[in-house]
Amino acid sequence: YNRQIGWAVRRADHILADSHATQADLVALLNVPPERVTTVHLAADSAFRPLPEEETRRILAQYSLQPGYLLFVGTLEPRKNVPGLLQAYRSLFERRVTTAPLVLVGSKGWLYDEIFQRVAELGLTKQVRFIHDASDADLPGLYNGASVLAIPSFYEGFGLPALEALSCGTPAVAANRASLPEVVGEAGLLVDPDDPEDIAQALARVLTDEPLRLRLRQLGLAQAARFTWERTARETLAVYQTVLAR
């Protein structure tokens with residue numbers, strides 16, 4: 001796969017990156033000249049929006065959930081840092097900051113066994129819910145029902161779940177790493193993904209500080225509105241026109 005990427009970046013007339021962080025990686029790791037890479041951000045689907053409470057509760061009932069849980073959305077694999085999130089959640093639970101469950105929505109990726117082992121080791125079997133088969137149609141409701149989205153990934157090329165959460169008015173606690181700061185902006189709390197206690201403290205702030213949570217909700221909706229598929233299409237078209245005019 002690495003050989004294919006090396007060939008592709010040499011062969012390409014131009015490269016579209018979905019974040020400035022990815023653009024920087026292409027330049028630093030694959031020696032791509034900066035002028036051959038343009039960042040064009042992605043967007044969340046229009047289905048991700050604040051929903052009426054009754055619609056949210058209807059969706060949550062299908063998964064036997066009540067509003068107020070902590071949420072993670074993503075593939076279960078090492079770069080997502082789920083063990084670090086579990087350690088942070090254990091700290092919150094021990095300090096009685098919350099008794100709400102941690103809901104992990106996503107399919108199994110690679111090297112996922114450690115996640116299930118950590119749940120057992122931390123004594124969180126009853127507090128952690130895994131949802132591997134959530135439909136795309138239900139995801140907006142699952143975001144709306146959450147008190148906070150946690151995305152403490154070691155690496156994200158873009159970090160679409162963070163943007164989906166903001167679009168639904170759900171506060172995000174995200175890793176201060178790779179693309180996530182440019183997606184979340186000032187609308188979320190950024191944490192050190194290598195420090196579970198830092199993750200725990202940020203989650204605790206969102207869960208216990210109502211004015212902060214309301215402020216993050218408004219900032220999140222405004223931040224998400226900056227990312228649209230119309231803008232993505234317009235900027236992508238401009239790159240194609242520039243390349244074809246050479």
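Helices are DSSP runs of H or I with at least four residues, strands are runs of E with at least two, and both are numbered from the N terminus. Select the two side chains: E94 and R90 form a salt bridge, with the closest N and O atoms 3.0 Å apart. That term stands for a side-chain nitrogen of Lys or Arg within 4 Å of a carboxyl oxygen of Asp or Glu. E94 is exposed, at a relative accessible area of 53%. Here buried means under 20% relative accessible area, exposed over 50%, and partly exposed in between, using a 1.4 Å probe and protein chains only.

A word on what is on your screen: this is a predicted model, in which local features need pLDDT of at least 70 and side-chain atom pairs count only at pLDDT 80 or more, while totals for chains, interfaces and linings use all residues. Residues are numbered from 1 along each chain as its sequence is written, and side-chain values use heavy atoms, with hydrogens and water left out.

The structure holds 11 salt bridges. Next, select R57 and E53, whose side chains meet in a salt bridge at 3.1 Å, N to O. Both belong to helix α3 (residues 53–61), and being 4 residues apart they are separated by about one helical turn. R57 is partly exposed at 39% relative accessibility, whereas E53 is exposed at 52%.

Now move to D192 and R177, a salt bridge with its closest N and O atoms 3.9 Å apart. This pair links distant parts of the chain, 15 residues apart: D192 is in the loop between β8 (189–191) and α9 (196–208), and R177 is in the loop between β7 (172–175) and α8 (180–184). Both partners are partly exposed, D192 at 34% and R177 at 28%. Then select E77, R79, K80 and E156 together, as salt bridges that share partners join them into one network.

**The cavity**

Which residues line the largest cavity? Select V40, H41, L42, R226, F227, T228, R231, T232 and E235. A cavity is a set of points on a 1 Å grid over the protein atoms alone where a 1.4 Å probe fits but cannot get out, and lining residues have an atom within 4 Å of a point.

Go to H14, in the loop between α1 (2–11) and β1 (15–17). Is H14 buried or exposed? At 18% relative accessibility, H14 counts as buried. The side chain of H14 makes a polar contact with the side chain of T38 at 2.7 Å, and a polar atom of the H14 side chain lies 3.5 Å from the backbone oxygen of R36.

Most residues other than glycine have a negative phi. Select N31, in the loop between α2 (20–30) and β2 (37–39), and you will find a positive phi near 55°. S64, in the loop between α3 and β3 (69–73), also has a positive phi near 55°. N31 is exposed at 66% relative accessibility, and S64 is exposed at 66%.

Conventions. On a 1 Å grid over the protein atoms alone, a cavity is a set of points where a 1.4 Å probe fits but cannot get out, and a pocket is an open set with protein on both sides within 12 Å along at least five of seven lines; lining residues have an atom within 4 Å of a point. A polar contact is a pair of N or O atoms within 3.5 Å; within protein, one must be able to donate a hydrogen and the other to accept it, and residues adjacent in sequence count only if both atoms are side-chain atoms.
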